[in-house]
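Student: I have a model open and want to learn how to read its features. Where do we start?

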Amino acid sequence: MKTRRDFLRSTVLGASATWTVPMFIERTFGQLHEGARDLAIQPTTGKDDTILIVLQLAGGNDGLNTLVPFADDAYQKSRPRIGKKEKEIIKLSDYVGLNAAMPFLGSLFKEGDLGIVQGVGYPNPNRSHFVSTSIWETADTGNHSNTGWLGRYFDNACPGADPTVGISFSKTQPESFGAVKNPGVCLNSPELYRWIHSGGEKDQAEQFFADLNKPNIQVDHDDDEVLEGGSIAMAAGGKVGGITGEGNLAFLERVALDARVSSKTILEIAAKHKTSVRYDGTPLARNLNLVARMIAGGMPTRVYYVSHGGFDTHNQQVNSHDRLLGQLDSGLKSFFADLKQQGNDKRVVLMTFSEFGRRVTENASAGTDHGKASCLFLAGSGIKGGLHGIHPSLTDLSEGDIKHTVDFRSVYGTILSDWLKAPNLKPILGANYPKMSFVG
Amino acid sequence: MLEQAKESWTIFEAAHLLNRAGFGGNPSEIKSFHALGREKAVDLLIVTTEPLDAFPPPAWSVGDQALASLRARQQAFKKNSRANVGMSPEEAERAKKEAIKMIQQEGRQEALDMQSWWFHRMLKSLAPLREKMTLFWHDHFATSIQKVKEPLFLVNQNDLFRRNALGSFKDLTQAILMDPAMMLYLDTQSSKKGKPNENFAREVMELFTLGEGNYTEQDVHEAARAFSGYYLNKGSGKVAHDKRQWDSADKTIFGKTGPFNGKDVIGLIFEKKEAARFMVKKLWEFFVYENPSDAAIESLSVSFQRSDFQIAPLLRDIFLSKEFYTESAIRSQIKSPIQYLIELLKQLEITDPSTGFVVSAQQQLGQVLFMPPNVAGWDWGQAWINTNTLLTRYNIAGFVTKGTGGDEKSMDTTKVKSFGKDSKDKRMGRAWYGPNYKEIAPHPLREIPSDLVDSLIFRFFQCPLPDKARKSFIEYATSEKGVIFTDKEIAQLCHLMLSTPSYQLC
């Protein structure tokens, strides 16, 4: 596997009489600004470390119909049309149960490998998708930070790591990857994650060409009901971090180098692993499948990021919300089966998050409006299963929303120190938050 | 008023204006644009003679045919449910699925039609600034076919943006309140007295006019009441106001109290000076560079508000300002995917790319027309670029410059059958041989590698490149030249020049 160092060394030493295309590329890519050059002289990360998967539920997941407080009269009264009855759920306690669209997560809970943190949020919550997503991804409730919590983890706790320390399966870089030095990489399809430059690569050129000629417009007419949350269907990008004062050209050169270095590694690894586990055809399942392949191939990646969109359920939400949760459940079922088959299940923890929950009371369109606190899932054998945190009251509300009982930065902090073994949280989260006990 | 640039200008400045106010051009287009002089060139962009209907939209979106098919679709659903009486649940389910499938296929084809139509219009239009502003408004008042689903509403909205492209921001915002696509996108068709839906009220303040921090939660709640009662008449395809569903009681917004309706709220918003500043800053960042100085924005905002939010004079001031041509502006912007693709095709003098290519390239690079990711529109600048999209840009450049390698048999033709109905699409899809290099790099030019490279540098970068980069290209060209410089070798050289960080800038 070539590292940044190898690339730069070949650039420096690569004085050659004849110009080949690869030589040209290495020379051109090697012309980097100082910042990237410094970064290059570093060791790489190990392959047997723990791994975190961050799964975004974009659009504001209705926590109250995900982890349902079925036994609470206030819940049933506030949601006469969309509320779940006791017989419609997977009971977890006398008070709450899981939405029945998630049988796999229900069984994982019984096995003790699913932790559910209740009432997660932050002080002075913001109800804008974009601001609140930024807050979650940057872990800065003031929304001033230009870098993300995972990007700061890469920068501060993984010195000298290759760009593949974080991989996001998306077209835009998630804000949480925003970093000063190392923002990880984004990719869609490992086979095409390369530069196709000469005639000797017919297969790749053809596949790329075929992809280029296969328009695939997703107009969701699956149901006659409205596609919920189309207005925030996809993960939003946004702040990308970057070195202060760095111009666009320097930024581009840095990304180009990362692309060169990571492309080789990823191609090699993607070719290695094929699974016999069946995945659904949803984008989420496809991406979880890719994550599993990367892990099986021994990538040095510590954090993978995938996204599942469509949770902005303002209108007729019951079917669409249940369907989205069902897709999540099914994707995770395949993913964890795959990891088990590989023997990597003990190395992986998965965490979900969403920018906010939704209003307790349903709206006139049998949907729910933007809310505040919500629940999140932690899955994996490294997790202490069960309910964590205290479920917020459904009667002591703030502007019609439940109040948070757990600050999301406590969840991040616990994962960072107890699972990813970050030595020091100060530079990542800015402060220390009360530790929780869901790891182990 | 900003300091003005002087009338005489360089060809690089002319190219910069054409890149930013439009989608660039080939060397001869840039030369004639430069010859106009700065002020005439700016006026040509702003006062266009190209008729609004110069590019007829897809037939299904026009006039009676459009309304007829809109109604037919509504009818199909109704008839279907009536016909289902007497069927077993399984049969009814199957019949429903069939009907939905048909509508789905029709919708998909129509979405492709309009994406291709607008892209070609941007590529060929003689009013590039109007198209660029249409794209700006599409991003600003973002709606997506994924949720709106009715292609007609997006074609109509596109027409609204084009008509008002350089007109009044205030009038356009009022029109958006009555826009069917926006209504469906933000779910406001179901906002009723008593239980108003806050979506539109929030986005109109946060994203469309004032920006975060310039209104309170209370303003949003109160405005949502004022925005109740608007509904979409699906038969006529128009938005109307139903007084019975409207909350007619007093509301207090920005400290003012009255029985406001939606139109009144937008009027109140435009009394705030933040509305002018918000739009001026956004336009500056779109056309010039990010993080402008407060002073520049402040001075432009004052005249913008005084002109009742007219876009044309504001852009004229910007394009004639000295600041627009400074080093921090020229070739400092990361091309959006649409900008990247259209510039690339113009520079290589390709006028008729296939629908399949046009739409898939947009998807792979992360900007599909009529499909912005969410109501905040696309994220611009550095957000376009990551390891994945950068490699994809390099590979798209390879496809466009080199074609399919000229070996027709090696391509699996079944893969390209699915797109495009006309034979032109198939022709280009199956065997795309690349641009006409006889025109782009005529044979005499190929004799001297440094001239060849300099000519291509102007074509692709419209400015001198650092010596180091220029020398690498010349060295490469010299080593490749051999006895004659074949088209294939020119293509290889072009592909290398385009597979660089610098090419991502305009």
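**Reading helix pairs, burial and overall shape**

Tutor: Start with how two helices cross. The crossing of α9(B) and α13(B) is right-handed. Keep in mind that this is a predicted model.

Student: At what angle do α9 and α13 of chain B pack, and how far apart are their axes?

Tutor: Helix α9 covers residues 169-177 of chain B, and helix α13 covers residues 262-269 of chain B. They pack at an angle of about 150°, with axes 10 Å apart. Angles over 145 degrees count as roughly antiparallel. That makes α9(B) roughly antiparallel to α13(B).

Student: Which residues make the contact between α9(B) and α13(B)?

Tutor: From α9(B), Thr173(B), Gln174(B) and Leu177(B). From α13(B), Gly262(B), Lys263(B) and Ile266(B). By class, the residues of this contact are 2 nonpolar, 3 polar and 1 charged.

Student: Let me try another pair. How do α25 and α26 of chain B pack?

Tutor: Read the angle, then the distance. Helix α25 (residues 467-481) and helix α26 (residues 487-498) of chain B pack at about 160°, and their axes are 11 Å apart. So α25(B) is roughly antiparallel to α26(B). The crossing of α25(B) past α26(B) is right-handed.

Student: Now burial. How many residues of helix α17 in chain B are buried?

Tutor: To judge burial, count the neighbouring C-beta atoms: a residue is buried if 20 or more others lie within 10 Å of its own. Helix α17 (residues 337-347) of chain B is mostly covered, with 11 of its 11 residues buried. Among them are Ile338(B), Leu341(B) and Leu344(B), but also Glu343(B) and Lys346(B).

Student: Which helices do the buried residues of α17(B) pack against?

Tutor: In chain B, they pack against α5 (89-124), α6 (128-140), α18 (355-365), α19 (387-402) and α24 (449-461). Look past the end of the helix as well. α17(B) is followed by Glu349(B), which has a positive phi near 55°.

Student: Can we apply the burial count to one residue? Is Val68(A) buried or exposed?

Tutor: Val68(A) is buried, because 27 other C-beta atoms lie within 10 Å. Val68(A) sits in strand β2 (residues 67-68) of chain A. Set aside its neighbours within four places in sequence, and Val68(A) is in contact with Lys84(A), Ile89(A), Val96(A), Gly97(A) and Asn99(A). For a sequence-versus-space check, take Ser78(A). Val68(A) and Ser78(A) are 10 residues apart in sequence and 13 Å apart in space, C-alpha to C-alpha.

Student: Zoom out. How many helices and strands are in chain B, and what is its radius of gyration?

Tutor: Chain B has 26 helices and 4 strands. Its radius of gyration is 25 Å, close to the 23 Å from the globule rule for 506 residues, so chain B is as compact as a globular protein of that length. The C-alpha atoms of chain B fill a box of roughly 80 × 65 × 40 Å along the principal axes. Buried residues make up 50% of chain B.

Student: And what are the counts for chain A?

Tutor: Chain A has 13 helices and 14 strands. Of its 440 residues, 57% are buried. Now take contacts between residues at least 6 apart in sequence. In chain A, 74% of these join residues at least 24 apart. In chain B, the share is 73%.

Technical notes:
Residues numbered from 1 in each chain as written. Chains lettered and ligands numbered in written order. Predicted model: local features only at pLDDT ≥ 70, side-chain atom pairs only at ≥ 80, totals over all residues. Axes fitted to C-alpha atoms, helices over the stretch in contact; angles between N-to-C directions. Parallel < 35°, antiparallel > 145°, perpendicular 65-115°, else oblique. Left-handed = near helix turned anticlockwise from the far one by under 90°. Contact = placed C-beta atoms within 7 Å. Nonpolar A, V, L, I, M, F, W, Y, C, P; charged D, E, K, R; others polar. Rg over C-alpha atoms; globule rule 2.2 N^0.38 Å. Buried ≥ 20, exposed ≤ 12 C-beta atoms within 10 Å, placed from the backbone.
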